[in-house]
Structures are given as structure tokens and as C-alpha cells.
Amino acid sequence: MNIRRILTISTRIFKQIKRDKRTLGLMITAPILVTLLFSWAFAGELTGIPVVVYNIDQPLEKRVADAIIQVLENNDTISITLNDPNAFNKLGSVYQAVIIFKENLTRNVILTGEAEIQIYLKTLTQIDAQILTQIITNNISKAIKDFLGTKGITLKVNKTVQINFPYPSPFTQQYNVCILDYDEKLDIILGNLVVNELMSNKDVSLHIVSSREKCISMIKDNKAVLGIIIPNNFTKQILLHNSSIIELYINGIQQDEMTTALKAFEEAVNDALEKVFGEKTVEISKNYIYGSEEFSSIDFLAPSFLGFIAMFFTFIISGILFLRERLIGTLERMLASATTHTEIVLGYLISFLIVATIQSTIITLVTLIFSTKILENFLQIYTLVLLLAMGSVSLSIFLSSYMKTELQVIQMIPIYIIPQIFLSGLILSLKALPEFLRPLAYILPLTYYVDAVKKIIYMNATLTNILPQLIILTAYFILGIILGIKKFRKEIT
Amino acid sequence: MSYAVETHQLTKRFGKITAVNSVSIKVPYAIILGLVGPNGAGKTTFLRMLVGILKPDEGKGFVLGKNIERLTPKDRARIGYMTQHKALYTDLTARENIEYFAKINGIIDPVKRRELTDEIIELLEITEWENILVEHLSGGTQQLVSLACALVHQPELMILDEPTVGINPMLREKFWKHFKELRNLGKTLIITTHYLEEAERCDIVALMHNGKIIALGTPTELKKTIQYKKSLVLTLVEKKVPNQLLNAIEEIANAAVEQENNSLAIDVESYDQIIKILQLVEKSNLKVLDVKIKEPTFNEVFMKLVSRKRGAME
């Protein structure tokens, strides 16, 4: 092996690349362009996704007081008088008891699960007081239970008792009770709150329509991504039974838009409930072990794509340039000269590696504009990109010796390049692959690159942590060289 | 006695096709060997085995006394190989190409390399194009540069695959002048060609067909074995030719007249016969539009030889 002959080949290739404007263009501008496009596409965020809502939600008309009064009125033992202004003057004479429902009774029952009721008693005997108290509290409890359905509440009774004759004597068995009812209706309309939350979310642009049909037709016409129909008993169902049904119509053509819209909707419902109940009903606690909330999609994808783009371009350029040498016949001439096969492969390798280094550096720098996360682990990622590109060059030299036209190099793209997008874990998780495809993933060099890069970005792995991947990528590089020389030796056609 | 090239039953197969079929040949030093044959005869495959870029399936071969399967870089530097394609870097200049091939053929010393490059550029008279990119040169000049690349390192054995294909007769003349000069300097040349007239300029001619050498000898020896006839083609105004005249012509030519529309074709062996036939036609008052003397194509001669071989085998 003669180093000077190897360098002769390398410098000649460089001279050619320098003069061949088209290759030079492909080498420098194409990666910049592709990286820029990729970065723009992923650095952007989705906003203003059209969402349509049809909201006919009604407030809860019922009051807890009404429910209680109805139950008490059905009781034969007591007779009810409502809102007698002189109730307290008549306590002990006309009325044996005065019950006061405060203005926030309904609100408290529903929202906090607590009811406070004041009872003033003035009876002849202790037994009367006891009996009356029991009848009143038991009936109130039952009424509230019926009112709410399933929810249980805490009933607080403030009792003031006066007894005229502390001695035991026969009880009356018939009581007059006055109820002072100040209870107010709950004016909350949950549907409106949800709509307001959605309106303030910039990720979506909200259209409010006046009929169910319009809502659905906007989805069908692809004018909206998500259609929300809030029924008229939404508030009632949520307040009384803790659950309700909202119909969603989804246009799933654009998965990312759909996901964003659904997320916005979920947030709106949660925020609305939080406003009403004062606490989050659905509490999700997010603890990032790897990664963080500041990661945007480009931060996740950029380091992986970086490798892919570098691999792609170095593969194509090396393949085509090497093939060109074969096509014009100069390769044959070199093979018949004093140069050995190894020298030719190495001569090519050196010049392509320099090209690969330039390309990888350009791609990395362009990506840096969009995702500075790479900067934190620059050394590790750059090492990996270079190693992957080197392997790509050596494999490209090997594979191109099987090709006879430039078209065949292009045909390698669907065979060798595109499968790596899907099989390497670049976009989709390797776990999502069916069992029979998985071995294929582990044949491809990009799989190891993506694996290593994820470890670096998410786990701050050092070069020693990713040693296995580094070794495998180096092995690909060396394998390419050996196969390239071997194929060459075997004879050319 | 040692030979520049020596092969014993050299065979190369590509799948079911036997491209070179048991070729044995001995080429002495300081001669020009012409390897003649139609496309697909196996000439290029034979040459590629000689320069060591194709492994023979069977048989043995030696160039400059070295086994062709074990040529070292030093051995290869003693051979100059010009491929059928021009095989030049079109985005480099003529000089850059020549210097490059000098360099990878082991002329490392820059001073010597420049001397040798200057020398070959001058010899092949390409000085005025030396600094022009090859892609801007004419086909013939590119061919000259390609030859220069094969010769710049002053090899002892030159293996030239169709060096004169597609170039004009004047330039072809120039090429042959150089080949003869090189031969006179003691170099050995193996040249493949389609052109029969080129075969005549070689010291030894080998006719190749279907992977085999079917005839080998000096041009004069070969000419004797092949009947080498020209044909006279007359184009007349009228279609009707009197039978009497046709019979008279056939008598002179001692061959049958082929008549097609208003043209007559007669195989002839000498100029005497041509003159006699023309005089005869003139006397008969037939108006002649055109007279052509057709050289037999290489293929015609070749086919004759092949069919004779077949006949001998039967």
C-alpha cells in the first residue's frame, strides 16, 4: 500500500468535485435546504385549529330547598308554613319549629357536599323536641340524597331548643313548622364555562353554531377538526351525578391537528370544572424523568434526523461519484495501473470522508439554529453523526460496485434509505414494530445511531455510556471497507 | 525464448457464455499484434485478462514473464492499457489527466513526471490542447489524450483496445505512425481493431471469432488464405440490359452478375477486368449513371473465413 498513490486519488477527486458545480451544489446546498425545510416544519407549532361548538346547556333550575320542602310537606306529622315574616314571634305558640335555609344552601350542597341548616325549636316537652328534630333532620337528609342521586353529603344542624315544661308529659304528635326559605338557585352554566375556556386558548379558533346539524356539517366539509356538542342537561348531570356525556365529532385527517384540538378540549373541561368546584377533578401529575416540558418537537427529532440527512446525502454522493468512475472507464484503467484495489478504495474513502465531514458539519450547524439542545451534547452527537456518515460512505462504495447505472443508485433509496426512516426508531418506536420486522431494524446502522442519540438527549449519556453503539457504527464502517475491497478483488465486470 | 505475452488455453466464462475459449498464443517482443474480430468476439475480455483485471476461469497467462493472476504494482507499471472507452476525467484538463495516470503508475518524482508528460504531449502533438478541459476537446483529440495516458509512464507492453475507433483517417495515420515508432523502440503492442486495412499494418494478425483465434499469421499469409474480392457496381439509366451483354460481362469476370432494378453488381479480381467491363458497357450504348468499386467489408471476409472453417470441420 502506498500512501502517496492513495492521496493522489483523493486530491484528484477533490479537484473534480471543485469543478463539478452540480455535485458541489448537491453536496452543500441540498443538505442545507433539506435541513432548513425539516427544521421549519418541526419548529412550528399548531395554532388556530378550527373547532366548532354547539352549546345548549341550561342552568340547574332546581333548588335543594324545594326538594326538602316537598319531602317535609308529604310528612303527616308536621304541617309546613312557608316564609311567615312573624315566624319567630309565633315560635312556641303557633310553630313548634322554625327552619332556616340559607341563601347558599343549594350551592353548598352541590359544590362542597355540605349543608348547613338552622332549626329553632320551642316545644312543650323534651320528647317533642327530640321527635321533631329527628323527623326534620331525617327528612332533610333523605330529600338531599334524592336530590343528588348518588352523592353523599355532610349535614350540619344548628339546633336551638327551648322547652316549656321540662317534665315528661304526653307529646302532641302534631307539629307546625315554619320554613324561612332564603335558598337561591345555582346560576352556573358549565357549558358556557367550557366554551369560554376554549375561546381563550390560542391553539384553537372557535366557531359557535346554532344547531347540531351545522356542527356536524362543518366537520364533514373539513372546515373544522373537532365538533363539540354540549347537551342541555350538561350542567345538571355534572352537578348532580358527577358525569355527563359530550358528543365529539372528529375529523382525523390531520392527526397532529386532531391531537392538539382534543388536548385543548380536555383542558377546557378540566379548567371549567376547576373553576366551579375549586379544585381539579382530574389531577394529572407530570414528573419528567427524561426530557422536560421545554422540549419542543424539533428538540426531540432534530438530533435523530440530523443523522438521517447526513447518512442520506453521503450515501448518494459517494455512490454516484464512485459509479461515475466505473462508467467512464477510468476505474478499469486504474485497476490495470500500478494502484492496488485497497489504495483505490482508501483513496475514495478519504475524499468522501472529507466531503461527509463538511456535509455533516453544515447540517449540524443549520440544525443548531432551531434546536440549541444539540449544543449541550455537541461532542457526543457530532461524533455519532460523523461515524454514521463514515459507515454510509464505506457501504455506499461497496454497494455501488453492484450497480451499473446512476438510476440504480437512485433505486437504492427505496431499498436502503427509506426503510431506515420507519425501522430505525427515527419516527416510530421500535416497540411498535411487529416481531418479524424487528431483526431487520437491528441490521440497519441508523437504528444504533438513533438509539445512542436518544440516550444522549434524554439521559445526558456520555461517550462511554454509548460505547456499544459507537463500536457497532465503527464496525459498519470497517465492514463497508472490507466488503468494498473484497468485492473489488473478486473482479470487476 | 521468452515472449511479451504468452497464454495457454486461457478461458473466461460469463454464466453460460464462454467469452474467451481456450486461447493459446505467443507474442514475441517488439512486434505489433493486431487482434481482429467482430463485436462480441472476446477481444476485450482477452485483453482484460492480460492486464489482470479479470481472472481467467481456466488456463494460464504470462505478460512480460509474469503470471497475469499475480501481477504486482511494479509489474503493472510496465504495462500501458488503453480501454475501449476514452476513460478520461472530463472535468480535468488533458495535462492533468496525463499527469494523474503517470502518478498512479508510480512516477512519483514530480520533475520526472513533468518531463515524461511534456514528452508524450509533444510526441502526440497535443500541446495546443494540454490545458483545456477534456470535455471541451473533440473526440479524436480525446482519443489522443487517452493514448497519452496509457503511454506516459513509458511501458514496455502496450495493450490498446480499439485505439483508432471513430477517428478520422488523417488522425488514424498519425496513430499508426506512433505505433510503428514505439515498436521500433523495442516496445510490444497489442491492438484490437475492426478495420481490415489496419490489420494489414500489424506485424502479426490474430483473427478472433466466438472466443477463439481462428487464424494467426502475418497479413500477407492471411490474405492468401482468404479470397479477397472487390465488386463493381454499375448504376444504369435503363432497367433492361440485353442478355448478350450480361453474358459477355460474366465471361470477363468469371462470376455471376447480380441484377437489382437498374444496378448491376459483379465480383472482380483485378483492375484489368474492371476496365474491360466498362469498355464493353460503353460500346453497348447503355447510359451509366454511377460506377462504384466496393471493397469487401470486414464482416464479409470474415464470414467467408468462418464458413470455410466450418466446412473444413465437417
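Let's start with chain A, which has 18 helices and 9 strands. One thing to keep in mind from the outset: this is a predicted model. Of the 493 residues in chain A, buried ones make up 49%. If we take the contacts in chain A with a separation of 6 or more, 80% of them are between residues 24 or more positions apart.

Let me show you one element of chain A, helix 8, which runs over residues 234–241. Which of its residues are buried? They are Phe234(A), Thr235(A), Ile238(A), Leu239(A) and Leu240(A). And what covers them? The cover includes helix 4 (105–112), helix 5 (126–148), helix 6 (190–199), strand 8 (226–230) and helix 9 (255–277), again of chain A. After helix 8 of chain A comes Asn242(A), with a positive phi near 70 degrees. Here is some background for that: most residues other than glycine have a negative phi.

Now please find Leu349(A), in helix 12 of chain A, residues 341–370. Is Leu349(A) buried or exposed? Its relative accessibility is 4%, so Leu349(A) counts as buried. Who does it touch? Leaving aside residues up to four places away in sequence, Leu349(A) touches Val393(A), Ser394(A), Ile397(A), Phe477(A) and Ile481(A). There is also a distance you can check on screen: 8.7 Å separates the C-alpha atom of Leu349(A) from that of Ser318(A), and these two residues are 31 residues apart along the chain.

Over to chain B. Its secondary structure comes to 11 helices and 14 strands, and 50% of its 314 residues count as buried. Among the contacts in chain B with a separation of 6 or more, residues 24 or more positions apart account for 69%.

I'd like you to look at a pair of helices here. Helix 3 of chain B covers residues 94–104, helix 5 of chain B covers residues 139–151, and their axes come within 8 Å and cross at roughly 25 degrees. An angle under 35 degrees counts as roughly parallel, and therefore helix 3 and helix 5 of chain B are roughly parallel to each other. The crossing of helix 3 of chain B with helix 5 of chain B is right-handed. Which residues meet there? From helix 3 of chain B we have Ala94(B), Asn97(B), Ile98(B) and Phe101(B), and from helix 5 of chain B we have Val145(B), Ala148(B) and Cys149(B). Sorted by class, this contact has 6 nonpolar residues, 1 polar residue and no charged ones.

Chain B also has some positive phi values to look at. Gln154(B) is not a glycine, yet its phi is positive, about 50 degrees. You will find Gln154(B) in the loop between helix 5 and strand 7 (157–160) of chain B, where it is partly exposed, with a relative accessible area of 42%. Asn210(B), also a residue other than glycine, has a positive phi near 50 degrees. Its loop lies between strand 9 (204–209) and strand 10 (212–217) of chain B. With 53% relative accessibility, Asn210(B) counts as exposed.

How many residues are in contact? On the chain A side there are 26, and they are in contact with 33 residues of chain B. Between them, the two chains bury about 2700 Å², with 56% of it on carbon and sulfur atoms. In chain A, the residues that lose the most area to chain B are Arg19(A), Glu332(A) and Arg333(A), together 25% of what that side buries.

Technical notes:
Residues are numbered from 1 along each chain as its sequence is written. Chains are lettered from A and ligands numbered from 1 in the order in which they are written. This is a predicted model: local features need pLDDT of at least 70, side-chain atom pairs count only at pLDDT 80 or more; totals for chains, interfaces and linings use all residues. Side-chain values use heavy atoms; hydrogens and water are left out. Axes are lines fitted to C-alpha atoms, for helices over the stretch in contact, and angles run from 0 to 180 degrees between N-to-C directions. Helices (H or I, at least four residues) and strands (E, at least two) are DSSP runs, numbered from the N terminus. Angles under 35 degrees count as roughly parallel, over 145 as roughly antiparallel, 65 to 115 as roughly perpendicular and the rest as oblique. A crossing is left-handed if the near helix is turned anticlockwise from the far one by less than a right angle, and right-handed if clockwise. Contact means heavy atoms within 4.5 Å. Ala, Val, Leu, Ile, Met, Phe, Trp, Tyr, Cys and Pro count as nonpolar, Asp, Glu, Lys and Arg as charged, and the others, Gly among them, as polar. Buried means under 20% relative accessible area, exposed over 50%, partly exposed in between (1.4 Å probe, protein chains only). Buried area is the accessible area (1.4 Å probe) that two parts lose on being put together, summed over both.
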